[in-house]
Amino acid sequence: MLAALVLIGGCHDDRHQERLTAAGANPKVDDLMRVADTDAGASKFGQCTACHSDTDGATDHGGPNLFGVYRKPLGTNSASFGYTAAMRDTGGRWDAPTLDRWISNPKKMIPGTSMQFPGVEDKLDRPDIVAYLRRQGEAPNR
């Protein structure tokens with residue numbers, strides 16, 4: 001059993017490194033999105049579910065429901081969530097570069113946000129989560 005876990009862990013590490021290598025030297029967000037793994041992002045999004053739901057019609061929790069957030073203007077995804085003025089006033093849309101910056105360090109991106117999450121350091125984990133959010137309810141006309 002332990003050997004199987006070590007092998008599985010090693011495969012994950014190899015796959016992670018292979019994807020980073022495929023993204024190129026000094027990859028930008030677009031390069032990392034090209035190698036992002038949506039299914040891995042779904043698993044990594046699990047850490048977000050303490051505060052966020054991600055299914056159509058689900059209620060807000062400590063944070064807004066993130067279903068369909070991709071391409072939406074910041075601070076608008078949920079009509080019932082009480083976004084901070086800092087979030088509402090920032091402007092822009094939730095695209096890959098913006099979500100990557102946000103997931104990296106919410107308080108650095110938007111000082112005054114109420115989000116207490118410290119961020120995700122791994123530069124490939126973030127694009128995986130972004131790919132999942134893009135798939136989760138993205139509508140072509142948003």
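The legends below accompany several close-up views of one predicted model.

**View 1. Confidence along the chain of the predicted model.** Averaged over the chain, the pLDDT is 88, and 87% of the residues score at least 70. Confidence is highest in helix H5, at 97, whereas helix H1, which covers residues 2-23, has the lowest confidence in the chain, with a mean of 63. Over residues 1-11 the pLDDT stays under 50, and for this stretch the model has zero contacts beyond four places in sequence.

**View 2. The largest nonpolar core.** This core has 24 residues, and those with the most contacts inside it are Phe-45, Met-87, Trp-94, Trp-102, Val-130 and Leu-133. At least two residues of the core are supplied by each of helix H2 (29-34), helix H5 (96-104) and helix H7 (125-135). The largest share, five residues, comes from H7.

**View 3. Val-130 and its surroundings, with another core.** When residues up to four places away in sequence are not counted, Val-130 touches Met-33, Tyr-70, Ala-96, Leu-99, Asp-100 and Ile-103. Val-130 is one of the residues with the most contacts inside the largest nonpolar core. Apart from that core lies another, of five residues, among them Leu-20, Ala-23, Val-35 and Leu-124.

**View 4. The largest pocket and its lining.** The space in this pocket comes to about 560 Å³. Its lining is made of 31 residues, of which His-52, Gly-63, Pro-64, Trp-102 and Met-115 are the closest to the centre of the pocket. The elements that give two or more residues to this lining are H5 and H7, and the largest share, three residues, comes from H5. Sorted by type, the lining residues divide into 20 nonpolar, 11 polar and no charged. Trp-102, which is among the residues closest to the pocket centre, is also listed among those with the most contacts inside the largest nonpolar core.

**View 5. Ala-79 in its loop.** Ala-79 is placed in the loop between helix H3 (38-44) and helix H4 (85-90). Because the relative accessible area of Ala-79 is 89%, and a residue counts as exposed when this value is over 50%, Ala-79 is described as exposed. Along the chain, Ala-79 and Pro-64 are 15 residues apart, and their C-alpha atoms are separated by 9.0 Å.

Methods
Residues are numbered from 1 along each chain as its sequence is written. This is a predicted model: local features need pLDDT of at least 70, side-chain atom pairs count only at pLDDT 80 or more; totals for chains, interfaces and linings use all residues. Side-chain values use heavy atoms; hydrogens and water are left out. A nonpolar core is a set of buried Ala, Val, Leu, Ile, Met, Phe, Trp, Tyr and Cys residues joined through side-chain atoms within 4.5 Å. Buried means under 20% relative accessible area, exposed over 50%, partly exposed in between (1.4 Å probe, protein chains only). Helices (H or I, at least four residues) and strands (E, at least two) are DSSP runs, numbered from the N terminus. Contact means heavy atoms within 4.5 Å. On a 1 Å grid over the protein atoms alone, a cavity is a set of points where a 1.4 Å probe fits but cannot get out, and a pocket is an open set with protein on both sides within 12 Å along at least five of seven lines; lining residues have an atom within 4 Å of a point. Grid points are joined across faces, edges and corners, and a volume is the space filled by probe spheres set on the points. Ala, Val, Leu, Ile, Met, Phe, Trp, Tyr, Cys and Pro count as nonpolar, Asp, Glu, Lys and Arg as charged, and the others, Gly among them, as polar. pLDDT is the predictor's confidence in each residue, from 0 to 100.
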